[in-house]
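Q: I'm new to this one. Can you walk me through the helices and how they pack?
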Amino acid sequence: RDQPRSRGLGDVYKRQIAKEAKEKLGHTKCLAKTMHGLAFGVMREYMEAPAQINARSFMSSQIMSRFHVPDVKGWGDYRIAAAVSSTMSKYAASADSSFSTRHAEAALMEVLGDPDFIVSEEKAEFVRDTISKLSEPLKLMAFEYWGECMENQLYSHDMYLKMLDGIPELRENAFARYKYVMIDEAQDINPVQRSILTKTGLPLVAVGDPFQQIYSWRGAENALQQLPGRELFLTQSFRFGENIAVVARKILDSIPDGGPEKRLSLIHI
């Protein structure tokens, strides 16, 4: 914390990309790290290696025996335990400060499907009934197990990242060296990552393309629409030639909402 804020931080999504970015930025004052790498760096004094928090570890905790879980067809102890683990993951990926039945509902719909989009009314009603019966006990058990894990200094990758969002001192320690943050693939970061970045108070430069979003299925959001600031467009590509661009424009023109606001204007090989 005693080091001056003399560097920028390039926040990238994948470890391999971070490695490549480090090599390319080696002669600059900008460091490249993943968000998890940054979080792990300040959580080391509170934990050893990241823990495996899953259905098996939850069942070993004996927490389920302290709660009444309604009987639902097809939902045995192991499946309930897996849903508790998933509820914890949904909370960890959110920008929420406390557990909610929304996290349990999201965990259940990930397995059962969204009842509003299920064609069979009979099946949709079963899913609604399951969500109604299980979301509250799942939330309570997830909250209980989260607290027990913290007491025993057991943190999964999701959990130690969540600590940066909820504990200002940890967040300050993680970002104390930097004057600004550059975020790559901003269309695929999740709400907790966006929350952490905005809470730093540092200038942010977010780069991404909402039409290349591929991780929404696991909770990613298009942070380009959520982050404050001025929007600039990159309209020049060095990746392909005009022959590919012609086809790409036709595909984008077919998108119901009209596609990107700006199109590639200059193409170079």
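**Loops, helices and contacts**

A: Start with a loop: Gln153 is found between H6 and H7. Helices here are DSSP runs of H or I, at least four residues, numbered from the N terminus.

Q: What should I know about the model itself?
A: It is a predicted model: local features need pLDDT of at least 70, side-chain atom pairs count only at pLDDT 80 or more, and totals for chains, interfaces and linings use all residues. Residues are numbered from 1 along each chain as its sequence is written, and side-chain values use heavy atoms, with hydrogens and water left out.

Q: Back to Gln153. What is its phi, positive or negative?
A: Positive, about 55°, although Gln153 is not a glycine. The residue comes just after H6.

Q: And what about Gln62, what is its phi near?
A: Phi of Gln62 is near 70°, a positive value in a residue other than glycine. Gln62 sits in the loop between helix H3 (55-60) and H4.

Q: How far apart are the end C-alpha atoms of H6?
A: They are 44 Å apart. H6 covers residues 121-151, and its 31 residues should span 45 Å at 1.5 Å a residue, so the two agree. The expected span is 1.5 Å times one less than the number of residues.

Q: Where is the kink in H6?
A: At Leu134, shortly before the proline Pro137, and it is about 40°. That bend is the angle between axes fitted to the seven residues ending there and the seven starting there.

Q: At what angle do H6 and H7 cross?
A: Roughly 85°, with the axes of H6 and helix H7 (residues 157-166) coming within 12 Å. Axes are lines fitted to C-alpha atoms, for helices over the stretch in contact, and angles run from 0 to 180 degrees between N-to-C directions. So H6 is roughly perpendicular to H7 (65 to 115 degrees; under 35 is roughly parallel, over 145 roughly antiparallel, the rest oblique).

Q: Which residues meet there?
A: Trp146, Cys149 and Met150 in H6 meet Met159, Lys162 and Met163 in H7. Contact means heavy atoms within 4.5 Å.

Q: New topic. How do H4 and H5 pack?
A: Helix H4 (residues 77-93) and helix H5 (residues 101-112) pack at about 120°, with axes 8 Å apart. They are therefore oblique to each other. The contact includes Arg79, Ala83 and Tyr91 of H4, and His103, Ala104 and Glu110 of H5.

Notes:
Helix = DSSP H or I, 4+ residues; strand = E, 2+ residues; numbered from the N terminus.
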